[in-house]
Amino acid sequence: MKRGGVAALAVLLTGPAQADERRSGFDYMGPETQLMQTDDMANPGMLAVQAGMRLWQETAGDAERSCESCHGDAEKSMRGVAARYPAYDATAQSAVDVAGRVNLCRTRHQGAEPLPQEDADLLALVSLIGLQSRGLPVMPDPDPQMSQWRSRGADLFDRRMGQLNLSCAQCHDDNAGGHLGSAPIPQAHPTGYPIYRLEWQEMGSLQRRLRGCLSGVRSDPWPYGSDAYVAIEAYLMQRAAGMPMETPAVRP
Amino acid sequence: MTDALVNIPETATPGEIIEIKLLISHPMETGFRPRSDGSLVPRDIITSVRCLYGGETVLEVDLNPAISANPFLVFHLRADRSDEIALEWTDWGGVVHREARQITVA
């Protein structure tokens, strides 16, 4: 009986501690920046969403079709979509992120040129799509093909890179919660992309953010659109599974 | 066309202090930033913002190059009559952008 009581106490004690020690980058921000993100009237990411809403309805390419022509109302059809990405595309035999999916739609169904990475219109559409998953838990794509992408991402995350010879994990796992200079080191959960970063003064993708870290460790960033970014995103989203989406997030 | 998020309450009680928010999509290019070839990116900022309450100017703000991209302005106003509240902002080219909302005070 006493033994059972101890076990129950142990469960009580360890239960909440084990519950979830993952923290969004949001939790490391100052209250002013947090307010900026949570107030839709103050969040500059909502400007991108507004632009995305317009682009959603605009026709593009030879097919003269808009996103809306096929997908209808974004608020309904795109609900929860971004929370599942990157996802496996059987035709392309590749994992694609949301921006990649938008560009596949453009080339396959709209007869339009793909938009370049970090193009404002592309970020606007991805922000609009991402917003439809805000508050929903990250649910990684169950396609078995994704596992090799995730393991490649995990390998890249743990690999030492650049002149500083640092891996992502050495900061974001071993020293998360600490500081690099004055900047807090978050746990690298990409739940809010595309983000409005105050340093950039504009919207940017996870690829842009990863390039920032790559040049930070004095390595040569992979070119935009490289598979390596999608692999890392697939791995990071797996780690963030169940955490709520925040798109469009604000980060310092 | 400039994107902007405008928040003006639709209704208020007489004498109520209302909050007006304006978030303008704009790069606010300072004119001091060099390109990779050393030439300067030309200045492109919003120079002024004005708020008109039924045609009467109630707020006038001069913006300068030190203000960040996508400027966000919040200010308060005493609502004493049903009228139009208009926000006007002038860009570097002198073009005036305008967003207006009707407020019912009762």
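Biologist: What is the area buried between chain B and chain A?
Modeller: In this predicted model, about 1,100 Å² is buried between the two chains, and carbon and sulfur atoms give 59% of that area. Buried area is the accessible area, with a 1.4 Å probe, that two parts lose on being put together, summed over both.

Biologist: Which three residues supply 45% of the area that chain B buries against chain A?
Modeller: They are B:Asp3, B:Leu5 and B:Leu23, more than any other three residues. The contact takes 14 residues from chain B and 13 from chain A, where contact means heavy atoms within 4.5 Å.

Biologist: What conventions apply?
Modeller: Residues are numbered from 1 along each chain as its sequence is written, and chains are lettered from A and ligands numbered from 1 in the order in which they are written. Local features need pLDDT of at least 70 and side-chain atom pairs count only at pLDDT 80 or more, while totals for chains, interfaces and linings use all residues; side-chain values use heavy atoms, with hydrogens and water left out.

Biologist: What is the mean pLDDT of chain A?
Modeller: The mean is 92, and 93% of the residues of chain A reach 70 or more; pLDDT is the predictor's confidence in each residue, from 0 to 100. Over residues 6-17 of chain A the pLDDT is below 50, and this stretch has 2 contacts in the model beyond near neighbours in sequence.

Biologist: Turning to B:Asp91, is that residue buried or exposed?
Modeller: B:Asp91 is buried, at a relative accessible area of 16%; buried means under 20%, exposed over 50% and partly exposed in between (1.4 Å probe, protein chains only). The residue is found in strand 7 of chain B, residues 83-91. Strands are DSSP runs of E with at least two residues, numbered from the N terminus.

Biologist: Which residues does B:Asp91 touch?
Modeller: Not counting residues up to four places away in sequence, B:Asp91 touches B:His26, B:Ile45, B:Ile46, B:Thr47 and B:His97. With B:His97 there is a side-chain polar contact of 3.1 Å, that is, a pair of N or O atoms within 3.5 Å, one able to donate a hydrogen and the other to accept it; residues adjacent in sequence count only if both atoms are side-chain atoms.

Terms used
Helices (H or I, at least four residues) and strands (E, at least two) are DSSP runs, numbered from the N terminus.
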